[in-house]
Amino acid sequence: MRQASITVKQAGPLALIQDAGRFGVGHLGVTQSGAADWISFRWANWLLGNPLESAALEIVMGGNLTLETDATVYLALAGADLDARLDDKPLAVNAPFTLRPGQALTFRQPRAGLRAYLAFPGGLEAPVVLGSRACTTREQLGGLYENGKPLQLNDRLYWQGASVTPRRLPASAQLPIPNGRCLLPMVLGAQAAHFAGRSLYQLFNQPWRVDQRADRMGIRLTGQALESKVSGVISEGIPLGAVQVPPDGQPIILMNDRQTIGGYPRMGAITPSACALLSQCLPGTEVWLQPVSATQAQVSHRLQLAEWR
Amino acid sequence: MKLRLETAAMDALTVRLFDEIDERNMGWIMAADTALRHAFNDALIDLIPSYTTLLVHYDCQRMTFVEATSRVREALKGLQPADTQQGQLHEIPVWYDASVGPELPAVAQGAGLSIEQLIARHCGHDYCVFALGFAPGYGFMGLVDEDLATPRLKTPRRRVAAGSVGIAERQTAIYPLLSPGGWNILGRTAVPLFEYAKRGEPLLRPGDKVRFKAISQAEFEAAGGDTTPLEERV
(Lines give C-alpha, C1' and ligand atoms only; values in the text may rest on other atoms or scores of the structure.)
Protein backbone atom coordinates (compact mmCIF):
# COMPACT_ATOMS: atom_id res chain seq x y z
CA MET A 1 0.00 0.00 0.00
CA ARG A 2 1.21 3.47 -0.83
CA GLN A 3 2.25 5.57 2.14
CA ALA A 4 -0.30 8.23 3.12
CA SER A 5 0.73 11.82 2.48
CA ILE A 6 -0.42 15.42 2.63
CA THR A 7 0.10 17.68 -0.37
CA VAL A 8 0.61 21.43 -0.40
CA LYS A 9 -2.11 22.78 -2.69
CA GLN A 10 -1.23 26.40 -2.02
CA ALA A 11 1.92 27.64 -0.28
CA GLY A 12 1.53 30.46 2.24
CA PRO A 13 4.23 33.06 2.94
CA LEU A 14 6.21 30.82 5.29
CA ALA A 15 5.75 27.29 6.60
CA LEU A 16 8.79 25.41 7.89
CA ILE A 17 9.44 21.94 9.21
CA GLN A 18 10.79 22.43 12.73
CA ASP A 19 11.78 20.31 15.67
CA ALA A 20 13.47 21.35 18.93
CA GLY A 21 16.52 22.57 17.01
CA ARG A 22 20.10 21.77 16.15
CA PHE A 23 22.22 21.50 19.29
CA GLY A 24 25.88 20.76 19.90
CA VAL A 25 26.97 22.26 16.57
CA GLY A 26 27.22 25.95 17.49
CA HIS A 27 31.02 25.69 17.40
CA LEU A 28 30.77 24.89 13.67
CA GLY A 29 28.96 28.16 13.04
CA VAL A 30 25.62 26.34 12.72
CA THR A 31 22.67 28.11 14.29
CA GLN A 32 20.23 26.58 16.79
CA SER A 33 17.07 26.87 14.67
CA GLY A 34 14.02 24.90 15.91
CA ALA A 35 10.44 25.94 16.70
CA ALA A 36 10.39 29.62 17.66
CA ASP A 37 7.43 29.13 20.00
CA TRP A 38 8.75 25.91 21.50
CA ILE A 39 5.90 25.83 24.04
CA SER A 40 3.06 25.69 21.48
CA PHE A 41 5.18 23.30 19.40
CA ARG A 42 5.40 20.93 22.38
CA TRP A 43 1.68 21.19 23.04
CA ALA A 44 0.90 20.31 19.42
CA ASN A 45 2.92 17.10 19.77
CA TRP A 46 1.47 16.42 23.21
CA LEU A 47 -2.07 16.59 21.81
CA LEU A 48 -1.29 13.63 19.53
CA GLY A 49 0.69 11.67 22.13
CA ASN A 50 3.91 12.19 20.15
CA PRO A 51 7.37 12.53 21.67
CA LEU A 52 7.32 16.27 22.48
CA GLU A 53 10.15 17.25 20.16
CA SER A 54 8.86 15.46 17.03
CA ALA A 55 9.14 17.44 13.82
CA ALA A 56 6.05 19.55 13.12
CA LEU A 57 5.05 22.35 10.78
CA GLU A 58 5.61 25.95 11.90
CA ILE A 59 3.05 28.01 9.98
CA VAL A 60 3.68 31.76 10.00
CA MET A 61 0.77 34.15 9.24
CA GLY A 62 -1.21 31.59 7.28
CA GLY A 63 -1.75 33.44 4.00
CA ASN A 64 -4.01 30.73 2.57
CA LEU A 65 -1.62 27.84 3.01
CA THR A 66 -3.76 24.93 1.86
CA LEU A 67 -3.13 21.25 2.60
CA GLU A 68 -4.95 18.13 1.37
CA THR A 69 -4.56 14.50 2.35
CA ASP A 70 -4.89 11.24 0.40
CA ALA A 71 -5.85 9.21 3.51
CA THR A 72 -7.69 9.96 6.74
CA VAL A 73 -5.19 11.30 9.27
CA TYR A 74 -5.22 12.59 12.84
CA LEU A 75 -3.44 15.94 13.26
CA ALA A 76 -3.19 18.51 16.05
CA LEU A 77 -2.99 22.28 15.90
CA ALA A 78 -1.60 24.51 18.65
CA GLY A 79 -0.36 28.08 19.07
CA ALA A 80 -1.63 31.04 17.08
CA ASP A 81 -5.20 31.35 15.82
CA LEU A 82 -4.61 31.72 12.08
CA ASP A 83 -8.30 31.37 11.22
CA ALA A 84 -7.75 27.75 10.20
CA ARG A 85 -10.61 26.09 8.28
CA LEU A 86 -11.54 22.56 7.32
CA ASP A 87 -13.18 23.32 4.00
CA ASP A 88 -15.09 26.38 5.15
CA LYS A 89 -15.69 25.25 8.71
CA PRO A 90 -13.65 27.01 11.43
CA LEU A 91 -11.20 24.69 13.14
CA ALA A 92 -10.47 24.90 16.87
CA VAL A 93 -6.89 25.69 17.90
CA ASN A 94 -5.18 23.64 20.63
CA ALA A 95 -6.96 20.40 19.81
CA PRO A 96 -6.48 17.28 17.71
CA PHE A 97 -8.70 16.85 14.64
CA THR A 98 -9.25 14.54 11.68
CA LEU A 99 -8.39 15.49 8.11
CA ARG A 100 -10.10 13.37 5.45
CA PRO A 101 -9.45 12.94 1.73
CA GLY A 102 -11.36 15.57 -0.22
CA GLN A 103 -11.18 18.13 2.59
CA ALA A 104 -9.02 21.25 2.35
CA LEU A 105 -7.18 22.49 5.43
CA THR A 106 -6.46 26.19 5.05
CA PHE A 107 -4.76 28.81 7.22
CA ARG A 108 -6.04 32.28 6.42
CA GLN A 109 -4.70 35.08 8.60
CA PRO A 110 -3.59 35.77 12.16
CA ARG A 111 -6.37 36.54 14.63
CA ALA A 112 -4.25 35.96 17.75
CA GLY A 113 -0.55 35.19 17.64
CA LEU A 114 1.57 34.63 14.56
CA ARG A 115 2.81 31.03 14.47
CA ALA A 116 0.68 27.90 14.52
CA TYR A 117 2.14 24.42 14.96
CA LEU A 118 0.66 21.46 13.11
CA ALA A 119 1.68 18.08 14.52
CA PHE A 120 1.59 14.80 12.57
CA PRO A 121 1.39 11.19 13.80
CA GLY A 122 4.84 10.31 15.14
CA GLY A 123 6.30 13.53 13.70
CA LEU A 124 7.03 14.67 10.14
CA GLU A 125 9.51 12.80 8.03
CA ALA A 126 12.50 14.76 6.78
CA PRO A 127 16.21 14.06 6.48
CA VAL A 128 18.17 14.60 9.68
CA VAL A 129 20.95 17.15 9.09
CA LEU A 130 23.46 17.66 11.91
CA GLY A 131 21.13 15.98 14.36
CA SER A 132 17.93 17.83 13.47
CA ARG A 133 15.12 18.08 10.92
CA ALA A 134 14.79 21.83 11.51
CA CYS A 135 14.53 23.86 8.31
CA THR A 136 16.93 26.81 8.38
CA THR A 137 16.46 29.07 5.39
CA ARG A 138 19.46 31.34 5.96
CA GLU A 139 21.82 28.38 6.27
CA GLN A 140 20.25 26.34 3.47
CA LEU A 141 20.06 23.45 5.93
CA GLY A 142 17.34 20.94 6.75
CA GLY A 143 13.73 20.78 5.61
CA LEU A 144 12.24 18.39 3.06
CA TYR A 145 15.09 18.64 0.57
CA GLU A 146 17.96 19.48 2.93
CA ASN A 147 18.27 22.92 1.37
CA GLY A 148 16.42 25.01 3.93
CA LYS A 149 13.57 25.86 1.53
CA PRO A 150 10.20 26.60 3.14
CA LEU A 151 7.18 24.56 2.06
CA GLN A 152 6.47 24.97 -1.67
CA LEU A 153 3.46 24.26 -3.89
CA ASN A 154 3.04 20.49 -4.50
CA ASP A 155 5.45 19.48 -1.72
CA ARG A 156 4.37 16.18 -0.15
CA LEU A 157 4.58 15.62 3.56
CA TYR A 158 4.97 12.17 5.11
CA TRP A 159 4.90 11.25 8.77
CA GLN A 160 6.63 8.67 10.89
CA GLY A 161 3.88 7.07 12.97
CA ALA A 162 0.76 5.10 12.09
CA SER A 163 -1.36 5.73 15.18
CA VAL A 164 -1.89 8.46 17.73
CA THR A 165 -3.34 8.80 21.23
CA PRO A 166 -5.22 12.08 20.97
CA ARG A 167 -5.55 14.16 24.14
CA ARG A 168 -7.34 17.26 25.28
CA LEU A 169 -5.41 20.32 26.35
CA PRO A 170 -5.36 20.44 30.18
CA ALA A 171 -7.17 23.41 31.71
CA SER A 172 -3.90 24.48 33.37
CA ALA A 173 -2.06 24.84 30.04
CA GLN A 174 -0.94 28.36 29.18
CA LEU A 175 0.05 29.02 25.61
CA PRO A 176 2.27 32.02 24.88
CA ILE A 177 -0.24 33.96 22.81
CA PRO A 178 -0.15 37.75 23.38
CA ASN A 179 -3.19 38.98 25.23
CA GLY A 180 -2.96 42.46 26.71
CA ARG A 181 0.29 43.54 28.30
CA CYS A 182 3.21 41.36 27.14
CA LEU A 183 5.89 40.88 29.79
CA LEU A 184 9.23 39.51 28.66
CA PRO A 185 11.40 38.36 31.59
CA MET A 186 15.05 39.15 30.95
CA VAL A 187 18.30 38.17 32.67
CA LEU A 188 20.75 41.09 32.74
CA GLY A 189 24.17 40.24 31.35
CA ALA A 190 27.60 41.46 32.37
CA GLN A 191 27.80 43.71 29.30
CA ALA A 192 24.98 45.82 30.68
CA ALA A 193 27.85 47.75 32.26
CA HIS A 194 28.68 49.08 28.77
CA PHE A 195 25.47 51.11 28.83
CA ALA A 196 24.63 54.49 30.33
CA GLY A 197 22.78 54.19 33.66
CA ARG A 198 19.80 55.98 32.15
CA SER A 199 19.57 53.30 29.45
CA LEU A 200 19.36 50.58 32.09
CA TYR A 201 16.37 52.41 33.55
CA GLN A 202 14.80 52.93 30.12
CA LEU A 203 15.24 49.28 29.24
CA PHE A 204 12.77 48.19 31.90
CA ASN A 205 10.60 51.28 32.26
CA GLN A 206 9.25 52.07 28.84
CA PRO A 207 6.98 50.25 26.44
CA TRP A 208 8.81 48.74 23.46
CA ARG A 209 7.14 48.08 20.16
CA VAL A 210 7.74 45.02 18.00
CA ASP A 211 9.04 46.34 14.67
CA GLN A 212 8.26 45.19 11.12
CA ARG A 213 11.88 44.03 10.89
CA ALA A 214 11.31 40.74 12.62
CA ASP A 215 12.11 37.23 11.52
CA ARG A 216 13.44 33.97 12.90
CA MET A 217 16.91 35.50 13.18
CA GLY A 218 16.05 38.56 15.22
CA ILE A 219 13.18 40.78 16.31
CA ARG A 220 13.79 44.51 16.51
CA LEU A 221 12.11 46.57 19.21
CA THR A 222 11.59 50.30 18.89
CA GLY A 223 11.42 52.87 21.65
CA GLN A 224 13.59 55.58 23.16
CA ALA A 225 17.11 54.75 22.04
CA LEU A 226 19.50 53.04 24.44
CA GLU A 227 22.97 54.46 24.70
CA SER A 228 26.02 52.23 24.72
CA LYS A 229 29.43 53.55 25.71
CA VAL A 230 31.04 51.23 23.15
CA SER A 231 30.01 50.71 19.53
CA GLY A 232 31.16 47.12 19.37
CA VAL A 233 32.95 44.37 21.21
CA ILE A 234 35.17 41.52 20.02
CA SER A 235 32.79 38.96 18.49
CA GLU A 236 31.65 36.30 20.92
CA GLY A 237 29.07 33.52 21.25
CA ILE A 238 25.45 34.72 21.40
CA PRO A 239 22.78 32.93 23.45
CA LEU A 240 19.09 32.61 22.54
CA GLY A 241 17.14 35.74 23.43
CA ALA A 242 20.21 38.01 23.56
CA VAL A 243 19.26 41.69 23.65
CA GLN A 244 21.83 43.26 21.35
CA VAL A 245 22.01 46.98 20.78
CA PRO A 246 23.42 48.26 17.49
CA PRO A 247 24.65 51.88 17.27
CA ASP A 248 21.13 53.23 16.56
CA GLY A 249 20.11 52.24 20.11
CA GLN A 250 17.11 50.13 19.06
CA PRO A 251 17.52 46.66 20.55
CA ILE A 252 17.31 43.46 18.51
CA ILE A 253 16.33 40.27 20.32
CA LEU A 254 18.22 37.39 18.76
CA MET A 255 16.05 34.38 18.07
CA ASN A 256 16.43 30.76 16.94
CA ASP A 257 18.15 31.44 13.59
CA ARG A 258 20.61 34.04 14.99
CA GLN A 259 24.25 34.13 13.94
CA THR A 260 26.32 32.07 16.41
CA ILE A 261 28.80 34.85 17.21
CA GLY A 262 28.52 38.62 16.97
CA GLY A 263 30.03 41.86 18.09
CA TYR A 264 27.29 44.29 19.09
CA PRO A 265 27.06 45.14 22.81
CA ARG A 266 24.37 43.16 24.63
CA MET A 267 22.31 43.98 27.71
CA GLY A 268 21.46 40.39 28.58
CA ALA A 269 18.97 37.87 27.27
CA ILE A 270 15.24 37.31 27.59
CA THR A 271 14.26 33.85 28.85
CA PRO A 272 13.30 30.94 26.53
CA SER A 273 9.64 31.36 27.52
CA ALA A 274 9.86 35.07 26.71
CA CYS A 275 11.30 34.14 23.30
CA ALA A 276 8.28 31.89 22.68
CA LEU A 277 5.91 34.75 23.55
CA LEU A 278 7.84 37.33 21.51
CA SER A 279 7.81 35.03 18.47
CA GLN A 280 4.00 35.20 18.60
CA CYS A 281 3.86 39.02 18.63
CA LEU A 282 2.71 40.81 15.49
CA PRO A 283 4.52 44.02 14.50
CA GLY A 284 3.17 46.90 16.59
CA THR A 285 2.61 44.81 19.71
CA GLU A 286 3.64 46.60 22.91
CA VAL A 287 6.06 44.63 25.10
CA TRP A 288 7.76 45.33 28.43
CA LEU A 289 11.07 43.87 29.53
CA GLN A 290 11.12 42.68 33.12
CA PRO A 291 14.31 41.96 35.08
CA VAL A 292 14.67 38.49 36.55
CA SER A 293 17.66 36.72 38.08
CA ALA A 294 19.15 33.68 36.31
CA THR A 295 18.20 31.53 39.30
CA GLN A 296 14.59 32.77 39.36
CA ALA A 297 14.34 32.27 35.60
CA GLN A 298 15.59 28.69 35.91
CA VAL A 299 12.99 27.90 38.58
CA SER A 300 10.20 29.17 36.30
CA HIS A 301 11.68 27.26 33.38
CA ARG A 302 11.69 23.98 35.31
CA LEU A 303 8.06 24.59 36.33
CA GLN A 304 7.20 25.18 32.67
CA LEU A 305 8.86 21.89 31.65
CA ALA A 306 7.00 20.06 34.42
CA GLU A 307 3.73 20.88 32.56
CA TRP A 308 4.38 17.97 30.19
CA ARG A 309 5.23 15.34 32.78
CA MET B 1 45.03 34.66 30.75
CA LYS B 2 42.65 36.07 33.33
CA LEU B 3 39.44 34.13 33.94
CA ARG B 4 36.22 36.09 34.33
CA LEU B 5 32.77 34.51 34.41
CA GLU B 6 29.83 36.50 33.11
CA THR B 7 26.11 35.83 32.95
CA ALA B 8 25.04 35.71 29.31
CA ALA B 9 21.52 34.28 29.66
CA MET B 10 19.34 32.20 31.98
CA ASP B 11 21.31 29.07 31.05
CA ALA B 12 24.48 30.43 29.43
CA LEU B 13 27.77 31.77 30.79
CA THR B 14 30.44 33.73 28.97
CA VAL B 15 33.87 32.54 30.01
CA ARG B 16 36.17 35.48 29.32
CA LEU B 17 39.89 34.77 29.12
CA PHE B 18 41.35 37.73 27.21
CA ASP B 19 40.59 41.33 26.21
CA GLU B 20 42.44 41.59 22.90
CA ILE B 21 42.63 39.57 19.69
CA ASP B 22 45.95 37.74 19.64
CA GLU B 23 47.16 34.55 17.98
CA ARG B 24 48.71 33.57 21.29
CA ASN B 25 45.18 33.29 22.80
CA MET B 26 44.39 30.30 20.64
CA GLY B 27 46.21 27.65 22.68
CA TRP B 28 44.36 28.78 25.81
CA ILE B 29 40.96 28.95 24.14
CA MET B 30 41.45 25.47 22.66
CA ALA B 31 42.56 24.05 26.02
CA ALA B 32 39.56 25.65 27.77
CA ASP B 33 37.27 24.22 25.08
CA THR B 34 38.52 20.69 25.77
CA ALA B 35 38.39 21.11 29.55
CA LEU B 36 34.84 22.52 29.54
CA ARG B 37 33.51 19.84 27.18
CA HIS B 38 34.93 17.22 29.48
CA ALA B 39 33.67 18.86 32.69
CA PHE B 40 30.09 19.50 31.49
CA ASN B 41 29.77 16.32 29.48
CA ASP B 42 26.03 15.49 29.04
CA ALA B 43 24.96 18.72 30.71
CA LEU B 44 26.53 20.72 27.86
CA ILE B 45 24.10 21.90 25.19
CA ASP B 46 26.51 24.05 23.15
CA LEU B 47 29.98 25.48 23.57
CA ILE B 48 30.98 28.34 21.28
CA PRO B 49 34.61 29.44 21.45
CA SER B 50 35.55 32.78 19.93
CA TYR B 51 38.56 35.14 19.90
CA THR B 52 38.69 35.86 23.64
CA THR B 53 35.71 34.00 25.13
CA LEU B 54 33.77 30.73 25.23
CA LEU B 55 29.98 30.69 25.55
CA VAL B 56 28.81 27.75 27.68
CA HIS B 57 25.16 26.84 27.14
CA TYR B 58 24.30 24.22 29.75
CA ASP B 59 21.20 22.19 30.53
CA CYS B 60 19.56 23.95 33.47
CA GLN B 61 17.52 20.84 34.21
CA ARG B 62 20.75 19.12 35.16
CA MET B 63 22.52 21.91 37.00
CA THR B 64 21.75 25.24 38.60
CA PHE B 65 23.35 28.56 37.78
CA VAL B 66 25.55 28.28 40.88
CA GLU B 67 26.64 24.72 40.03
CA ALA B 68 27.48 25.70 36.46
CA THR B 69 29.60 28.58 37.68
CA SER B 70 31.65 26.43 40.03
CA ARG B 71 31.92 23.69 37.38
CA VAL B 72 33.61 26.21 35.05
CA ARG B 73 36.02 27.42 37.73
CA GLU B 74 36.88 23.85 38.69
CA ALA B 75 37.42 22.81 35.06
CA LEU B 76 39.78 25.68 34.29
CA LYS B 77 41.91 25.42 37.41
CA GLY B 78 45.58 25.03 36.47
CA LEU B 79 44.78 25.28 32.74
CA GLN B 80 47.76 25.03 30.40
CA PRO B 81 47.62 26.18 26.77
CA ALA B 82 47.15 23.52 24.09
CA ASP B 83 49.80 23.00 21.45
CA THR B 84 48.73 25.21 18.53
CA GLN B 85 51.26 23.55 16.24
CA GLN B 86 48.75 20.68 16.03
CA GLY B 87 46.45 22.81 13.84
CA GLN B 88 46.33 21.92 10.14
CA LEU B 89 47.72 24.17 7.42
CA HIS B 90 45.25 24.55 4.55
CA GLU B 91 46.34 25.89 1.18
CA ILE B 92 43.29 27.53 -0.40
CA PRO B 93 43.51 28.28 -4.15
CA VAL B 94 41.83 31.61 -5.01
CA TRP B 95 41.06 33.20 -8.35
CA TYR B 96 41.67 36.89 -7.64
CA ASP B 97 39.80 38.86 -10.26
CA ALA B 98 37.64 41.97 -10.26
CA SER B 99 34.77 40.03 -11.90
CA VAL B 100 34.35 37.86 -8.80
CA GLY B 101 36.21 40.13 -6.39
CA PRO B 102 34.62 43.54 -6.92
CA GLU B 103 36.70 45.29 -4.21
CA LEU B 104 40.04 44.08 -5.57
CA PRO B 105 40.80 47.45 -7.26
CA ALA B 106 39.55 49.59 -4.36
CA VAL B 107 41.46 47.70 -1.68
CA ALA B 108 44.65 47.84 -3.80
CA GLN B 109 44.19 51.54 -4.32
CA GLY B 110 43.51 52.13 -0.62
CA ALA B 111 46.73 50.30 0.24
CA GLY B 112 48.71 52.13 -2.43
CA LEU B 113 49.52 48.87 -4.20
CA SER B 114 49.05 47.43 -7.66
CA ILE B 115 46.54 44.58 -7.88
CA GLU B 116 49.42 42.11 -8.32
CA GLN B 117 51.13 43.46 -5.19
CA LEU B 118 47.89 43.24 -3.21
CA ILE B 119 47.41 39.60 -4.23
CA ALA B 120 51.00 38.82 -3.27
CA ARG B 121 50.49 40.47 0.13
CA HIS B 122 47.21 38.65 0.80
CA CYS B 123 48.88 35.34 -0.11
CA GLY B 124 52.14 36.09 1.66
CA HIS B 125 50.98 35.35 5.17
CA ASP B 126 49.64 32.29 6.99
CA TYR B 127 46.42 33.30 8.72
CA CYS B 128 45.24 31.87 12.00
CA VAL B 129 41.62 30.64 12.19
CA PHE B 130 40.33 32.40 15.30
CA ALA B 131 36.70 31.36 15.36
CA LEU B 132 33.89 29.74 13.39
CA GLY B 133 30.62 31.61 13.20
CA PHE B 134 28.24 33.79 11.16
CA ALA B 135 27.45 30.84 8.85
CA PRO B 136 28.21 27.09 8.89
CA GLY B 137 31.94 26.63 8.34
CA TYR B 138 32.70 30.36 8.16
CA GLY B 139 36.15 30.90 9.65
CA PHE B 140 37.25 34.28 10.99
CA MET B 141 40.95 34.57 10.15
CA GLY B 142 43.67 37.09 10.74
CA LEU B 143 45.50 39.15 11.11
CA VAL B 144 45.74 40.82 7.70
CA ASP B 145 48.65 43.26 7.12
CA GLU B 146 47.79 46.63 8.57
CA ASP B 147 48.23 48.25 5.13
CA LEU B 148 45.44 46.11 3.67
CA ALA B 149 42.99 46.69 6.52
CA THR B 150 39.76 48.02 5.00
CA PRO B 151 36.49 48.80 6.79
CA ARG B 152 33.33 46.85 5.96
CA LEU B 153 31.12 48.14 3.17
CA LYS B 154 28.81 50.93 4.34
CA THR B 155 25.83 48.95 3.13
CA PRO B 156 26.15 45.16 3.17
CA ARG B 157 25.40 43.36 -0.09
CA ARG B 158 22.22 41.33 -0.33
CA ARG B 159 24.23 38.48 -1.79
CA VAL B 160 27.81 37.35 -1.87
CA ALA B 161 28.69 34.18 -3.80
CA ALA B 162 29.74 30.98 -2.08
CA GLY B 163 33.54 30.75 -2.02
CA SER B 164 34.05 34.53 -1.92
CA VAL B 165 37.24 35.58 -0.14
CA GLY B 166 36.97 38.89 1.64
CA ILE B 167 38.60 41.16 4.15
CA ALA B 168 37.16 43.43 6.84
CA GLU B 169 39.53 45.51 8.93
CA ARG B 170 42.37 43.10 9.75
CA GLN B 171 40.32 39.95 9.28
CA THR B 172 39.90 37.72 6.27
CA ALA B 173 37.35 34.97 5.58
CA ILE B 174 35.71 32.77 2.98
CA TYR B 175 31.91 32.76 2.57
CA PRO B 176 30.93 29.06 2.62
CA LEU B 177 27.52 29.65 1.03
CA LEU B 178 25.59 32.30 -0.85
CA SER B 179 24.63 34.86 1.77
CA PRO B 180 24.36 38.56 2.48
CA GLY B 181 27.64 40.14 3.51
CA GLY B 182 29.53 43.36 4.05
CA TRP B 183 33.15 42.32 3.58
CA ASN B 184 35.43 43.54 0.76
CA ILE B 185 35.54 40.72 -1.77
CA LEU B 186 38.87 40.05 -3.51
CA GLY B 187 38.30 36.75 -5.28
CA ARG B 188 36.72 33.32 -5.16
CA THR B 189 37.72 29.77 -4.28
CA ALA B 190 36.19 26.50 -5.50
CA VAL B 191 36.92 24.71 -2.20
CA PRO B 192 33.50 23.47 -0.95
CA LEU B 193 33.53 24.72 2.66
CA PHE B 194 29.78 24.40 3.19
CA GLU B 195 29.67 20.75 2.14
CA TYR B 196 32.18 19.97 4.88
CA ALA B 197 30.27 22.01 7.44
CA LYS B 198 27.00 20.28 6.53
CA ARG B 199 28.53 16.94 7.44
CA GLY B 200 29.71 18.36 10.75
CA GLU B 201 33.34 18.34 9.58
CA PRO B 202 34.22 21.94 8.80
CA LEU B 203 37.38 22.25 6.75
CA LEU B 204 38.62 25.10 8.93
CA ARG B 205 38.83 24.75 12.69
CA PRO B 206 40.00 27.22 15.31
CA GLY B 207 43.77 26.99 15.64
CA ASP B 208 44.24 25.94 11.99
CA LYS B 209 46.32 28.02 9.57
CA VAL B 210 45.29 29.12 6.09
CA ARG B 211 47.55 30.12 3.19
CA PHE B 212 45.88 31.56 0.10
CA LYS B 213 47.37 30.72 -3.29
CA ALA B 214 46.57 32.75 -6.41
CA ILE B 215 45.37 30.65 -9.37
CA SER B 216 44.30 31.46 -12.92
CA GLN B 217 40.74 31.47 -14.20
CA ALA B 218 41.47 28.21 -16.06
CA GLU B 219 42.67 26.52 -12.88
CA PHE B 220 39.67 27.87 -10.96
CA GLU B 221 37.28 26.51 -13.59
CA ALA B 222 39.09 23.17 -13.73
CA ALA B 223 38.54 22.89 -9.97
CA GLY B 224 34.78 23.31 -10.56
CA GLY B 225 34.65 27.03 -9.74
CA ASP B 226 31.65 29.10 -10.83
CA THR B 227 32.75 32.29 -12.62
CA THR B 228 29.32 33.96 -12.64
CA PRO B 229 29.60 37.46 -11.14
CA LEU B 230 26.89 37.75 -8.46
CA GLU B 231 27.68 40.80 -6.41
CA GLU B 232 26.20 44.17 -7.19
CA ARG B 233 28.91 46.81 -7.50
CA VAL B 234 29.20 49.24 -4.64
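Student: Are B:Tyr138 and B:Trp183 buried or exposed?

Tutor: This is a predicted model. In this model, B:Tyr138 and B:Trp183 are both buried. Residues with under 20% relative accessible area are placed in that class.

Student: How many aromatic pairs are there over all chains?

Tutor: Two rings are taken as a pair if their centres lie within 6.5 Å. By this rule there are 15 aromatic pairs over all chains.

Student: How far apart are the ring centres of B:Tyr138 and B:Trp183, and at what angle are their planes?

Tutor: Planes over 60 degrees apart count as edge-to-face. The ring centres of B:Tyr138 and B:Trp183 are 5.9 Å apart and the planes stand at 90°, so this pair is edge-to-face.

Student: Which parts of chain B does the pair tie together?

Tutor: B:Tyr138 belongs to the loop between strand 6 (127-132) and strand 7 (139-142) of chain B, and B:Trp183 to the loop between strand 11 (179-181) and strand 12 (184-188) of chain B; the pair therefore ties together parts that are 45 residues apart in sequence. Ring pairs also link these two residues into a cluster with B:Tyr51, B:Phe130, B:Phe134, B:Phe140 and B:Tyr175.

Student: How is the packing of two helices described?

Tutor: The description rests on the angle between the two axes and on the distance between them. In chain B, helix 1 (residues 26-40) packs with helix 2 (residues 65-75) at an angle of about 130°, and their axes are 9 Å apart. Helix 1 of chain B is therefore oblique to helix 2 of chain B. The crossing of these two helices is right-handed.

Student: Which residues meet where helix 1 and helix 2 of chain B are in contact?

Tutor: From helix 1 of chain B come B:Ala35, B:Leu36, B:Ala39 and B:Phe40; from helix 2 of chain B come B:Ala68, B:Arg71, B:Val72 and B:Ala75. By class, this contact has 7 nonpolar residues, no polar residues and 1 charged residue.

Student: At what angle do helix 3 and helix 4 of chain B pack?

Tutor: Helix 3 (residues 104-111) and helix 4 (residues 115-123) of chain B pack at about 90°, with axes 9 Å apart. Helix 3 of chain B is thus roughly perpendicular to helix 4 of chain B. In this contact, B:Leu104, B:Pro105, B:Val107 and B:Ala108 of helix 3 meet B:Ile115, B:Leu118 and B:Ile119 of helix 4. The residues divide into 7 nonpolar, no polar and no charged.

Student: Turning to the backbone, where is there a cis peptide bond?

Tutor: A cis peptide bond joins B:Gly142 and B:Leu143, with omega at about -5°. B:Leu143 is in the loop between strand 7 and strand 8 (157-160) of chain B.

Student: What is phi of B:Asn41, and where does this residue lie?

Tutor: Phi of B:Asn41 is near 50°, a positive value in a residue other than glycine. B:Asn41 lies in the loop between helix 1 and strand 3 (44-49) of chain B, and is exposed, with a relative accessible area of 52%. In chain A, A:Gln140 has a positive phi, near 55°. A:Gln140 is in the loop between strand 10 (112-119) and strand 11 (156-157) of chain A, and counts as partly exposed at 27% relative accessibility.

Student: Which residues is B:Gly87 in contact with, leaving aside its neighbours within four places in sequence?

Tutor: B:Gly87 is in contact with B:Gly207 and B:Asp208, those neighbours aside. B:Gly87 and B:Asp208 are 121 residues apart along the chain, and their C-alpha atoms are separated by 4.3 Å. B:Gly87 lies in the loop between helix 2 and strand 5 (89-96) of chain B.

Conventions:
Residues numbered from 1 in each chain as written. Chains lettered and ligands numbered in written order. Predicted model: local features only at pLDDT ≥ 70, side-chain atom pairs only at ≥ 80, totals over all residues. Heavy atoms only, no water. Axes fitted to C-alpha atoms, helices over the stretch in contact; angles between N-to-C directions. Helix = DSSP H or I, 4+ residues; strand = E, 2+ residues; numbered from the N terminus. Parallel < 35°, antiparallel > 145°, perpendicular 65-115°, else oblique. Left-handed = near helix turned anticlockwise from the far one by under 90°. Contact = heavy atoms within 4.5 Å. Nonpolar A, V, L, I, M, F, W, Y, C, P; charged D, E, K, R; others polar. Phe/Tyr/Trp six-rings, centres within 6.5 Å; stacked < 30°, edge-to-face > 60°. Buried < 20%, exposed > 50% of the residue type's maximum accessible area, 1.4 Å probe, protein only.
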